[in-house]
Amino acid sequence: MPRRHLGRAAASLMAPLALAGPLLPLAACAPVPAAAQRGLLPDFADLAERVQPAVVNIAVTSEQRVEVPPELRGTPFERYFRDRQRGRRQETVGAGSGFVIDPGGFIVTNNHVVGNASRVVVALQDGSELTARVVGTDELTDLALLKVEPRGPMTAVPWGSSAAARVGSWVLAAGNPFGLGGTVTAGIISARGREIGAGPFDDFIQTDAAINPGNSGGPLFNAAGEVIGINTAIYSPSGASAGIGFATPSDLARPVIEQLRRDGRVERGWLGVSVQDVVPENGQGRRGVLIAGIERNSPAGRAGLRQGDIVVAINGDRVETSRALVRTVAAVPPGQTLRLTVLREGRER
């Protein structure tokens, strides 16, 4: 930038100071009370000290088949390479985070952290390590439950209500970023109900608390030390924190984890339909979910649903989006009955 432009910019920035009245000497400025300072800039030291013993680092070892390099495919060397590598496995190592939900050794993390692990080792805050068993995983919500056999009761953290979390509330993220070990970062809830294309149950909490690779599966705490989210993904052009992180809300995660603990797997209700949202033009008409297709011999087909029906309520509760319908149906155990209210040929049935 030419010097003359810099001079003009500086002059324009400095001009308002002359209009703000005389500057007070430092002695005349009232000190900010300590309580007010605490209110503006909260101290997370006590919270971090209380919850960190329940946050664990997870090291994962997986075995993968050695693939033929692209440059050898279709050449005479491909068969030679396959013969040399037959029966061999390539060992890969990954890292993530988790948190203890039961003193007996149950630990929550992300499904993508454990993947198809052949060995999972949990490292505690005191440096001790325990081999973990994968109790169960759920790919649709990217959740997993591990079990270790501790020598004594473990420090556990409680679930909180993600529905009670408000945009602007302070949160604390804890985990194992870049494999560095126990780390906490603070921020606020930036948004709720985010869809990022991860799956049908997208309902992420967005936060500006720094979340980086290795934080996956770690907890997102509210100010009371309750887990309101599981850190799952970040949006970043560089691969590091850009101030946009996403956590699976506790209200979605908790029932999934309870099913994994009880049954080792998750069962969900299924209608057997394809759906899409109905948005009335010019605000006229009712919102609902259009039945775009029905699978043969599905529960929906046997119940008499037809293509073109518009679902407006489930068990008497209004439903206005396909995402809400999918999540409501999935939450009902298979074998139970649902009552659907539909619009067909202009009449409610």
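Start by selecting Glu345, which is exposed, with a relative accessible area of 69%. You'll find Glu345 in the loop between strand E17 (340–344) and strand E18 (347–348). Check its backbone too: phi is near 55°, a positive value in a residue other than glycine. Keep in mind as you click around that this is a predicted model.

Now jump to Asp142, in the loop between strand E5 (129–138) and strand E6. Here too phi is near 55°, positive although the residue is not a glycine. Is Asp142 buried or exposed? Asp142 is buried, at 15% relative accessible area, because the cut-off for buried is under 20%.

**Zoom out for a moment**

Show the whole protein chain as a cartoon. Its secondary structure comes to 8 helices and 18 strands. Of its 349 residues, 38% count as buried. If you look at contacts with a separation of 6 or more, 62% of them are between residues 24 or more positions apart.

**Aromatic pairs**

Next, the rings. There are 3 aromatic pairs in the model. For one of them, select Phe44 and Trp170: the ring centres are 5.7 Å apart and the planes stand at 65°, so this pair is edge-to-face. Phe44 lies in the loop between helix H2 (34–40) and helix H3 (45–51), while Trp170 belongs to strand E7 (residues 170–175), so the pair ties together parts that are 126 residues apart in sequence. Colour by accessibility and you'll see that Phe44 counts as buried at 18%, whereas Trp170 is partly exposed at 37%.

For another pair, pick Phe99 and Trp159. With centres 5.8 Å apart and planes at 80°, these rings are also edge-to-face. Phe99 sits in strand E2 (residues 89–102) and Trp159 in the loop between strand E6 (143–147) and E7, so this pair links parts 60 residues apart in sequence. Both Phe99 and Trp159 are buried.

**Charges over a ring**

Select Phe106 and look at what sits over its ring. The charged end of Arg261 is there, 4.1 Å from the ring centre. Lys147 also lies over the face of Phe106, at 5.4 Å from the centre.

**Into the cores**

Which residues touch the most other members of the largest nonpolar core? They are Val122 and Trp159, in a core of 41 residues. Centre the view on Val122 and show what surrounds it. Leaving aside residues up to four places away in sequence, Val122 touches Val56, Asn57, Ile58, Ile107, Ser128, Glu129, Leu130, Ala132, Leu146 and Val148.

**Helix H8**

Leu325 takes you to helix H8 (residues 322–330), where the buried residues are Ser322, Leu325, Val329 and Ala330. Look down the axis of H8: these buried residues fall within an arc of 125°, so they line one face of the helix.

**Helix H6 and what follows**

Now select helix H6 (residues 250–263). At 1.5 Å a residue, its 14 residues should span 20 Å, and the end C-alpha atoms are 19 Å apart, which agrees. Which residues of H6 are buried? They are Ser250, Leu252, Ala253, Val256, Ile257 and Leu260. These cover an arc of only 145° around the axis, which puts them on the same side of H6.

Step just past the end of H6 to Gly264, which takes a positive phi of about 80°. Then go on to Val266, in the loop between H6 and E13. Draw a distance from the C-alpha of Val266 to that of Val256: the two are 6.7 Å apart in space and 10 residues apart in sequence. To finish, show the contacts of Val266. Not counting residues up to four places away in sequence, Val266 touches Asp138, Val256, Gln259 and Leu260.

Definitions and conventions:
Residues numbered from 1 in each chain as written. Predicted model: local features only at pLDDT ≥ 70, side-chain atom pairs only at ≥ 80, totals over all residues. Heavy atoms only, no water. Phe/Tyr/Trp six-rings, centres within 6.5 Å; stacked < 30°, edge-to-face > 60°. Helix = DSSP H or I, 4+ residues; strand = E, 2+ residues; numbered from the N terminus. Buried < 20%, exposed > 50% of the residue type's maximum accessible area, 1.4 Å probe, protein only. Lys NZ or Arg CZ within 6 Å of the ring centre and 35° of its normal. Core = buried A, V, L, I, M, F, W, Y, C linked by side-chain atoms within 4.5 Å. Contact = heavy atoms within 4.5 Å. Expected span 1.5 Å × (residues − 1). Arc of directions from axis to C-beta.
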